[in-house]
Amino acid sequence: VELANLREDLGYVAPRPEDWGQRQLASFSFGQSMSLTPMQLIRASAAIANDGVMMKPMLIKEVRDEEGRIVKRFEPEVMRRVIKPETAREVEKMMQRVTREGTARKFVFVPGYSTSGKTGSAQKALGSKGYAAGKFISSFVGFVPSPRAEFVILVLADEPNGSHWGSEVCGPAFSGIAQKAMLSLRLKEGAAAPPPSPALMTRPK
């Protein structure tokens, strides 16, 4: 991702779907028997927001010299299409329901903008020993606005105290980050930025 010696761990999903047994299929439904890094989760979510097209991760926009002149500029780069556009849009609609009427509706709210998201409450793995009792990594990943996202945001909490539900633990932080991100975009781009909708200024009940 344009930084020398920056390496990322490999995630894990059993490679051959025809070899997945009933137990593995069942555990996939609640996020076990697989692993992924935060960057991989962000990329997958961004592909959904981007109509199924996966982009190359980019951490640096440009390099400037000591006098502020641009030495090198990096542009967004398409990697490949990973799912069909209609599939991405259907998944996005499901993710919209998470914040409109699902488990995150009480914790995720960005005034003026529709959001999409997915909660996570993953038990911590102990390798071949299974999973650690009572230890979780809570998460919320989502994008704003939805559709036509400008930002994809992931919030993680490692072994949170009290509740471990991703919506309750990470949803409020997502909301705060997303609200400030949209405000910053409007200040930067003015009328070119997505305007807030008056119909979305009130938190859903």
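**Ground rules.** I number residues from 1 along each chain as its sequence is written, and I leave out hydrogens and water, so that side-chain values use heavy atoms. Because the model is predicted, local features need pLDDT of at least 70 and side-chain atom pairs count only at pLDDT 80 or more, while totals for chains, interfaces and linings use all residues.

**Entry on F107.** I looked up F107 and found it in the loop between α3 (85–100) and β5 (116–125), where helices (H or I, at least four residues) and strands (E, at least two) are DSSP runs numbered from the N terminus. Leaving aside neighbours within four places in sequence, I listed its contacts as S167, E168, G171, P172, S175 and R203, contact meaning heavy atoms within 4.5 Å. F107 and R203 are 96 residues apart in sequence, yet 9.7 Å apart in space, C-alpha to C-alpha.

**Entry on the pockets.** A pocket is an open set of points on a 1 Å grid over the protein atoms alone, where a 1.4 Å probe fits, with protein on both sides within 12 Å along at least five of seven lines; lining residues have an atom within 4 Å of a point. I noted that 47 residues line the largest pocket, with G31, M34, S35, L36 and L41 nearest its centre. For the second largest pocket, I noted that α2 gives the largest share of the lining, six residues.
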